[in-house]
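Hi,

Here is the structure I promised to pass on. Have a look at it first, and then read my notes on its pockets.

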Amino acid sequence: QELRKKNFAPTDELEVDEVYKSLIRKQTAQEQAQLEASILAEGIRDALVVYDRGGALVVVDGHHRLGMAKKLGIPVVPIQEMDFGSTDEARIWM
């Protein structure tokens, strides 16, 4: 995979693939509260990792941050685009 420059994207333009989402551990209520407090205090510091799959930006890392951004009404988030040769390569990276 090749790392690309950091950018920003509207939250409603980011896609969540259920295959990747299923690989992520669910947050506890305490973890969700901590994430919410952190984002409210400091914004989203770490970019969501995404890749372009046929013109759609698919989230590989940052599902919890994306969900919280949507909950809080944050319209744009930082993203880091990566190039993956296949869905399997993205899954292995996760």
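Below is what turned up when I went through the pockets.

This is a predicted model, so a word on the ground rules: local features need pLDDT of at least 70, side-chain atom pairs count only at pLDDT 80 or more, and totals for chains, interfaces and linings use all residues. Residues are numbered from 1 along each chain as its sequence is written, and side-chain values use heavy atoms, with hydrogens and water left out.

A pocket here is an open set of points on a 1 Å grid over the protein atoms alone, where a 1.4 Å probe fits, with protein on both sides within 12 Å along at least five of seven lines; lining residues have an atom within 4 Å of a point.

The largest pocket holds about 400 Å³ of space (the volume filled by probe spheres set on the points, which are joined across faces, edges and corners). It is lined by 16 residues, and K21, Q32, H63, H64 and G67 are the closest to its centre. Helix α3 (63-72) gives the largest share of that lining, six residues, while α2 (29-42) supplies at least two. (Helices are DSSP runs of H or I, at least four residues; strands are E, at least two; both are numbered from the N terminus.)

The second largest pocket has about 170 Å³ of space. Among its lining residues are L23, I24, L35, W93 and M94, along with H63 and H64. Here too α3 gives the largest share, three residues, and strand β4 (56-61) supplies at least two.

Cheers
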